[in-house]
Amino acid sequence: MLPAAHRMRSSADFAAVLRSRTSGRAGSKLLVVHLRMPETSLNTDVADTVPCRVGFVVSKAVGNSVVRHRTQRRLRHLMNARLDRLPAGSLIVVRAQSGAATATSAELGAELDRLLPRVLAGVR
């Protein structure tokens with residue numbers, strides 16, 4: 001489970017990440033990862049203390065309610081183990097594609113391990 005400080009809840013935060021031209025994106029058949037780095041105008045001392053926040057989008061294309069929630073729980077658990085790789089103050093949205101419902105946790109973890117460095121390299 002993600003700690004409360006690392007959860008993205010506001011729809012404005014989701015919109016900021018998904019619609020921003022300054023955000024990076026990397027995708028595959030299972031997942032799409034969107035990343036928005038913190039504003040450079042912020043004081044760097046404050047930006048380093050703000051934790052990264054992660055949100056998830058799992059649509060009805062993934063499956064019924066049980067499948068969507070199971071997929072989201074698995075993604076939350078996998079992202080919790082990868083929080084230390086993410087820059088402080090960043091906003092990340094992980095969007096599940098329809099294939100994520102049938103993928104194993106190991107496959108989803110491998111996709112995250114492949115996509116996170118790509119999206120980080122694309123934004124910096």
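A residue counts as buried when its relative accessible area is under 20%. This structure is a predicted model. By that cut-off, D13 is buried, because its relative accessibility is 16%.

**Salt bridges**

The structure holds 4 salt bridges. One of them joins the side chains of D13 and R53, at 2.8 Å from N to O. D13 lies in helix α1 (residues 11-19) and R53 in strand β3 (residues 53-58), so the pair ties together parts 40 residues apart in sequence. R53 is partly exposed, with a relative accessible area of 26%.

D113 takes part in a network of salt bridges with R82 and R85. The R82 pair ties together parts 31 residues apart in sequence, because R82 lies in the loop between α3 (65-80) and β4 and D113 in helix α4 (residues 105-123). R85 is in the loop between α3 and β4 too, 28 residues from D113. R82 is buried at 8% relative accessible area. R85 is partly exposed at 44%, and D113 is partly exposed at 31%.

| Salt bridge | Closest N and O atoms |
|---|---|
| R82 and D113 | 2.7 Å |
| R85 and D113 | 2.7 Å |

**Strand β2**

β2 runs antiparallel to strand β1 (residues 24-27), joined by 4 bridges. A hairpin of 3 residues connects β1 to β2. β2 also pairs with strand β4 (residues 91-96), in the antiparallel sense over 6 bridges. H34 is the bridge partner of R25 and stands opposite V93 in β4.

Conventions. Residues are numbered from 1 along each chain as its sequence is written. This is a predicted model: local features need pLDDT of at least 70, side-chain atom pairs count only at pLDDT 80 or more; totals for chains, interfaces and linings use all residues. Side-chain values use heavy atoms; hydrogens and water are left out. Two strands pair if DSSP finds at least two bridges between them. Helices (H or I, at least four residues) and strands (E, at least two) are DSSP runs, numbered from the N terminus. Buried means under 20% relative accessible area, exposed over 50%, partly exposed in between (1.4 Å probe, protein chains only).
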